[in-house]
Amino acid sequence: SFYSNLFPNEEEHTDTRFFKIGGNIENGPLIMTPRLFLRRHWDKFMLDQNRPGWQTNFHTNYTYGGELTFVLENDFLDTAYGFTVSRDTVDSTSLQTHARTNTGMYMELSPKLSDRLKLNIGLREDYFTGFGWEYAPSVSVGYELVKNFILKFLVGRAYRVPTFTDLYYNDSANKGNPGLRPESSWTYEVGADCNAGIASLSAAFFNRYSSDTIDWIRMNPNSAWQASNIGSVATNGFELSLGVDPKKIYKEFPAEKLFLNYTVVDEYRKHDYFSKYALDYLKQHISGGLKWDILGFENYWVINYKKRVGDAGFVVVDTKITKNIIRKGSLRAEAFFEVTNLFNVSYSEQSGVKMPGRWIKSGGRIEF
């Protein structure tokens, strides 16, 4: 029931392949970074696996393109700029065949005004087939008021063009909308960072105002989801992060890292419909964790408390054990054992859709 609670016996098979080639070309203070990429994604989706051939969709997506970035650093100004072009295609039994091209350019300036003042100015322009030009300016400022205490301010615009699924997907549970407009938002943030060596603390207030917000909505729980531009949504929030290194207090302390994060969000929009994403949001999120060494094994613990709008909230505990097998030069190999949702808690990240219970994974990782 991931895509709709109306059909609890969905089944999906996916195959994703990604290729990338790139490098760095240095010419004095100028660094050029070319990159080419190709991503292919195939999937077979059955809305009801108990009814073979009914509402079964096959999709093949290609995303490919290239990017060229230039970075120039000197004693007065760091500059980065670049150009990108990419093309997205889809061949689908449900969405039919569609393609669009994205051409973009961007620039980022970081003037070196003083050791205490950090300024970053960015601008990105993109042209999307069928939607025209979109822009994303941003300005961030950081000022060290006293040693290790930094005040921050950020303002920026973001945008999202509708996906092929938003525009064209169509089955008994979900209806796309080819008339969708791109959504955009302005975000303002003010905060502070403090790093005392033993502990670090970061806090920030933010406000986000989005226009032409894209969401999937329905008027009652028994109707299909419909992709729509729901208008403007105002979001206010607060974030707090605390990190402690207990070994700097007591060297024999068994734990190496302790952290605690807290986020609270409120959104404001009057509505008389059910929202699948935008208005069915995470209102409170508290996460804490630690890392320690046990007989040569690294053990991680993470506890998450989450409360969505209209729900009572839930607690999920995850743990992971890793063992370094080889660590020689650039060659590293490790084995891991991981348990997600250790206590098999029943919960939902999206209203009406249950998340998996206890999930046990083990494997290895090699890096060279």
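Start by selecting K152, which is partly exposed at a relative accessible area of 27%. Partly exposed lies between buried, under 20% relative accessible area, and exposed, over 50% (1.4 Å probe, protein chains only). This is a predicted model, where local features need pLDDT of at least 70, side-chain atom pairs count only at pLDDT 80 or more, and totals for chains, interfaces and linings use all residues. Residues are numbered from 1 along each chain as its sequence is written, and side-chain values use heavy atoms, with hydrogens and water left out.

**First salt bridge**

K152 and D193 form a salt bridge, with their closest N and O atoms 3.3 Å apart. K152 sits in strand β9 (residues 149-160) and D193 in strand β11, so the pair ties together parts 41 residues apart in sequence. A salt bridge means a side-chain nitrogen of Lys or Arg within 4 Å of a carboxyl oxygen of Asp or Glu. Strands (E, at least two residues) and helices (H or I, at least four) are DSSP runs, numbered from the N terminus. D193 is partly exposed too, at 25% relative accessibility.

Next, select R40 and D15. Their side chains meet in a salt bridge at 3.9 Å, N to O. R40 is in strand β3 (residues 30-46) and D15 in strand β1 (residues 11-22), 25 residues apart. Now try E298 and K291, whose salt bridge has its closest N and O atoms 3.7 Å apart. K291 is buried, with a relative accessible area of 11%. Then show R160, D166, E183 and R208, which salt bridges with shared partners join into one network. The whole structure holds 15 salt bridges.

**A buried side chain**

Select N299 in strand β19 (residues 297-308). Is N299 buried or exposed? N299 counts as buried, at 7% relative accessibility. Its side chain reaches the backbone oxygen of K320 at 3.1 Å. Leaving aside neighbours within four places in sequence, the contacts of N299 (heavy atoms within 4.5 Å) include W292, I294 and T319.

**The core**

Select F7, F45, L47, V90, L95, F164, Y169 and A173. These 8 residues make up the largest nonpolar core. Such a core is a set of buried Ala, Val, Leu, Ile, Met, Phe, Trp, Tyr and Cys residues joined through side-chain atoms within 4.5 Å. Within it, click Y169. Not counting residues up to four places away in sequence, Y169 touches F45, L95 and F164, among others.

**Step back**

Finally, show the whole chain. The protein chain has 1 helix and 24 strands. Buried residues make up 31% of its 368 residues.

Technical notes:
A polar contact is a pair of N or O atoms within 3.5 Å; within protein, one must be able to donate a hydrogen and the other to accept it, and residues adjacent in sequence count only if both atoms are side-chain atoms.
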